[in-house]
Amino acid sequence: MKESWLGILYIVGLFAILWFLMIRPQQQRQKKHAEMVRNLKVNNKIITIGGIYGTIVKVKEDSLVVKVADNVRITILKNAVSQVLPDSDGESDKD
């Protein structure tokens with residue numbers, strides 16, 4: 001009887017370790033990404049999961065129009081945004 005309890009305890013312990021090392025961090029990353037996607041707005045500089053740099057021109061329900069070069073705009077899904085770049089207020093384009 002004692003061995004069966006130890007076996008059950010061992011399985012529960014392994015599941016707890018799996019939860020804290022793999023599942024929980026993944027859920028936290030998903031929440032952080034969903035929060036970032038909700039907060040996207042016009043003029044944010046972004047990088048897509050494909051590595052394309054651009055600036056958001058228009059925010060739609062499930063997609064974004066992104067300016068990637070002069071007169072070049074693409075439409076991407078909001079979930080395709082990998083990261084939002086910080087504003088470069090310190091930089092100046094003036095001569």
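Biologist: What makes β2 and β3 a pair of strands, and in which sense do they run?

Modeller: Strands pair if DSSP finds at least two bridges between them; strand β2 (residues 53–59) and strand β3 (residues 63–69) have four bridges, in the antiparallel sense, so they meet that criterion. One of these bridges links K58 to V65 in β3. The strands themselves are DSSP runs (E, at least two residues), as helices are runs of H or I with at least four, both numbered from the N terminus. This is a predicted model, in which local features need pLDDT of at least 70 and side-chain atom pairs pLDDT 80 or more, while totals for chains, interfaces and linings use all residues. Residues are numbered from 1 along each chain as its sequence is written, and side-chain values use heavy atoms, without hydrogens and water.

Biologist: How many bridges join β3 to β4, and which residue is the partner of L64 in β4?

Modeller: Six bridges join β3 to strand β4 (residues 72–77), and the two run antiparallel. The partner of L64 is I76. Two residues lie between the strands in this hairpin, where N71 takes a positive phi near 60 degrees; the hairpin of β2 and β3 has three residues between its strands.

Biologist: Why is the contact of E35 with R38 called a salt bridge?

Modeller: The term requires a side-chain nitrogen of Lys or Arg within 4 Å of a carboxyl oxygen of Asp or Glu; the closest N and O atoms of E35 and R38 are 2.6 Å apart, so the contact qualifies. The structure holds one salt bridge.
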